[in-house]
Amino acid sequence: MTFKTYVTGFSRIGENRELKRALENFWRGKISQDALEETAQTLRKKHWLTQQNAGIDLISINDFSYYDTMLDAAVLLNAVPARFKQIDDELARYFAMARGNDDVPAMEMTKWFNTNYHYLVPELNREIKLILDAKKVKQEFQEAKALGINGKINLIGPLTFLALSKTTDNSDVFDYLPAVLDVYTELLKEVANWDECVTVQFDEPVLVKGVDTAMAERLNTSYQRLASVSENVRVAVVTYFEHASEAVRVLVKTPVWGIGLDFVYGKENIDVLQDFNEKVLIAGVIDGRNIWLNEYDASLSLLTQLTNSIPADQIYLSTSCSLLHVPYTIENEPESMVKNWLAFGKEKLAELTFLSHVTGKKELSEDEEALLLERRNVLAAKKSDEMIHNSVIRFRMKIDLGTERSAKFEDRIQIQKKALNLPILPTTTIGSFPQTVELRKTRSSYRQNKISEAEYQAQMKAYIDECVAFQEEAGLDVFVHGEPERNDMVEYFGELLKGFHFTQNGWVQSYGSRCVKPPVIFGDISHPEAMTVEWIRYAQSKTDKPMKAMLTGPITILNWSFVRTDLPRSEVALQLALVLKDEVSDLQKAGIKIIQVDEAAFKEGYPLRAEKVVDYEDWAVKNFKRAVSTANPETQIHTHMCYSEFNEIIDVIEELDADVITIETARSGNELLKIFRDHNYQNEIGPGVYDIHSPRVPSMAELKAEINSRLEVLPVSQLWVNPDCGLKTRRWEEVRPALQNMVAAVKEIRAEI
């Protein structure tokens with residue numbers, strides 16, 4: 001038998017980040033809109049043909065986006081907030097919604113389920129009239145059809161769209177379900193005229209979080225209607241990142257053509273196969289979130305289980321989720337042992353088609369047998385490789401388990417206030433300053449041995465000098481060294497630790513043009529020498545103001561890496577906590593009084609199923625606390641968290657027991673801060689007062705209003721003032737005036753108080 005194949009979604013940034021460069025050049029006025037659109041069309045064509053040439057049967061259309069597919073869905077539905085309506089140019093309006101401009105702030109941005117991808121949060125209210133804008137969908141469908149692509153149209157499902165939206169008038173998001181269904185119904189009627197049989201994929205990952213009675217009713221209502229629009233339209237509802245057992249039991253009773261389930265991260269999906277009847281199963285068997293070679297024998301065993309419940313001709317083999325979450329291809333990577341263990345997006349297409357051809361065969365061809373044997377040999381060699389296992393680390397994991405600091409917060413904070421002697425509303429930044437072209441060039445030249453160690457050190461220290469001088473001039477209270485030596489907040493540490501592998505071109509989109517290159521954790525992690533001490537010690541020598549040392553926390557390193565699968569994630573986190581514990585001790589010995597341990601990605605590692613949350617919280621909190629457990633009472637521990645639903649994790653934040661937490665609140669005002677107030681949170685907080693994801697420079701008056709709004713929620717004694725996040729992606733022309741305005745606003749407020 002040969003299974004048909006299906007890819008949930010594909011990368012859109014380009015093999016060499018072509019879209020990133022085109023977007024940034026367009027925003028800077030270096031290329032025209034026509035040139036940007038030409039790049040986009042070229043990339044779509046390449047990506048479709050790559051999938052077609054790999055033998056994929058159903059290829060995604062409309063998974064391409066200039067910025068984000070949730071934002072695209074909002075535009076499709078005309079869910080455009082009123083503040084953007086005065087922008088006549090459609091593309092300018094689109095980018096204003098994503099990034100803001102001088103006149104309007106951007107829409108809120110947050111994490112896509114438990115990934116490091118960010119989406120724009122749609123805004124709904126009773127004043128917005130939802131109507132269809134199908135231009136993008138139709139254009140891309142016609143492009144693909146002209147190339148002979150057998151495509152399916154990807155859309156964000158109505159329930160996921162609404163569940164991830166917010167309202168601005170206290171209405172309920174699901175009040176808008178009838179209007180959303182009206183628009184989608186109209187779209188499907190149009191689609192029915194585009195070809196004889198069109199498959200439409202509705203992404204509904206929200207269903208993996210569980211389906212209560214109300215959601216089950218909405219699910220039934222939605223797909224009874226959408227799947228009945230036309231015989232020319234086949235509707236597939238696709239879930240991913242976990243199991244969707246409850247949803248399946250509803251969907252099988254609707255007229256949907258297919259149901260997509262993730263068998264990599266939702267193994268419990270196997271238990272609902274008996275409910276499928278005649279529905280097509282889109283079986284996510286190739287891992288779309290991690291980069292390890294598929295273990296063919298395990299997948300073949302799973303497929304045998306599937307075919308015991310569902311006829312093979314009712315099954316499409318698929319990726320577990322969109323390949324947006326993995327790099328494009330390993331073809332551009334240098335040879336290494338670790339490379340032999342990896343499969344990126346393009347390679348996963350080949351794995352998918354291989355499985356489709358060999359499953360259920362009584363006799364394999366010579367080539368198929370050879371490929372299967374080669375895969376077995378590679379995986380066997382990997383399991384026994386001495387690079388992976390370290391007995392000393394394993395022993396320490398059993399004995400070094402302390403998690404508590406030597407004093408309680410209420411005692412520590414009094415000691416710290418005397419030691420640091422900071423004013424009310426102390427000002428600081430999150431850590432990084434702009435990563436200039438010159439900095440990147442210097443680091444690149446050093447890596448390529450084009451400049452000496454001494455020259456590299458001199459240039460890095462010169463930049464630190466500039467950062468310190470600017471902070472003195474601006475009047476900040478707690479300084480940072482600017483992180484010129486760091487390419488990325490995770491990659492920098494991984495390069496100094498054993499057990500990590502780094503790709504050269506393993507880029508993954510985080511949001512818009514922002515890409516990250518996650519490290520690969522393949523083996524036991526050790527800490528050969530101090531990683532940050534010399535840089536921070538040098539920076540501290542240049543000022544009498546306290547210099548804040550910056551570390552990336554164990555959970556963030558874990559969640560922003562591609563992690564080995566032969567060890568539980570909790571144990572990998574423990575190894576990371578132990579090496580950071582050593583670094584905290586080293587920094588203290590060097591005289592550093594403030595240490596920030598960033599947990600920007602703490603929330604995104606959360607399980608999507610409520611029943612699995614407690615276990616994650618337990619080991620995640622313990623490993624953060626373990627990392628800082630050697631901090632003396634007078635050492636102030638900060639942490640930073642990016643976009644999160646803090647109401648869901650406020651108890652956990654309290655358990656982390658950081659002396660100061662900085663959070664991103666600029667796009668949501670003081671609403672997030674109210675959660676801390678209502679919870680009677682006692683530790684200190686630095687709520688972001690301006691959005692670093694936008695190029696706009698806030699005025700002093702605007703910043704003063706933002707700070708005063710925070711003071712309406714929490715007492716002045718508890719608050720710090722800082723930007724939303726690190727400043728590495730911004731330009732100095734934006735950073736200087738923004739921070740100067742921020743400090744000036746604080747000084748006025750201090751005088752008034």
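How are H1 and H2 oriented to each other, roughly parallel or roughly antiparallel?

A: The model is predicted. Two packed helices are described by the angle between their axes and the distance between the axes. For H1 and helix H2 (residues 33–53), the axes come within 10 Å and cross at roughly 170°. An angle over 145 degrees counts as roughly antiparallel, and therefore H1 and H2 are roughly antiparallel to each other. On the H1 side, the contact is made by Glu18, Leu19, Ala22, Leu23 and Phe26. H2 contributes Gln33, Leu36, Thr39, Leu43 and Lys46. By class, the residues of this contact divide into six nonpolar, two polar and two charged.

H1, residues 18–27, also takes part in a pocket: it supplies at least two residues of the lining of the second largest pocket. The space in this pocket is about 1700 Å³. Its lining has 42 residues, and the closest to the pocket centre are Arg17, Lys20, Glu24, Gln435 and Arg440. Besides H1, helix H15 (437–447), helix H17 (491–495), strand E15 (514–516) and helix H25 (732–752) each supply at least two lining residues. The lining of the second largest pocket is made up of eleven nonpolar, eleven polar and 20 charged residues.

The axes of helix H13 (residues 391–399) and helix H20 (residues 569–589) come within 10 Å and cross at roughly 90°. That angle makes H13 roughly perpendicular to H20. From H13, Ile393, Arg394, Arg396 and Met397 make the contact, and from H20, Glu571, Leu574, Gln575, Leu578, Lys581 and Asp582. The contact of H13 with H20 has four nonpolar, one polar and five charged residues.

The other pair is helix H11 (residues 345–358) with helix H12 (residues 366–384), whose axes come within 12 Å and cross at roughly 125°. H11 is therefore oblique to H12. The crossing in which H11 passes H12 is left-handed. Glu351, Phe354, His357 and Val358 in H11 meet Glu368, Leu371, Leu372 and Arg375 in H12. Four nonpolar, one polar and three charged residues make up the contact of H11 with H12.

How values were computed:
Residues are numbered from 1 along each chain as its sequence is written. This is a predicted model: local features need pLDDT of at least 70, side-chain atom pairs count only at pLDDT 80 or more; totals for chains, interfaces and linings use all residues. Side-chain values use heavy atoms; hydrogens and water are left out. Axes are lines fitted to C-alpha atoms, for helices over the stretch in contact, and angles run from 0 to 180 degrees between N-to-C directions. Helices (H or I, at least four residues) and strands (E, at least two) are DSSP runs, numbered from the N terminus. Angles under 35 degrees count as roughly parallel, over 145 as roughly antiparallel, 65 to 115 as roughly perpendicular and the rest as oblique. A crossing is left-handed if the near helix is turned anticlockwise from the far one by less than a right angle, and right-handed if clockwise. Contact means heavy atoms within 4.5 Å. Ala, Val, Leu, Ile, Met, Phe, Trp, Tyr, Cys and Pro count as nonpolar, Asp, Glu, Lys and Arg as charged, and the others, Gly among them, as polar. On a 1 Å grid over the protein atoms alone, a cavity is a set of points where a 1.4 Å probe fits but cannot get out, and a pocket is an open set with protein on both sides within 12 Å along at least five of seven lines; lining residues have an atom within 4 Å of a point. Grid points are joined across faces, edges and corners, and a volume is the space filled by probe spheres set on the points.
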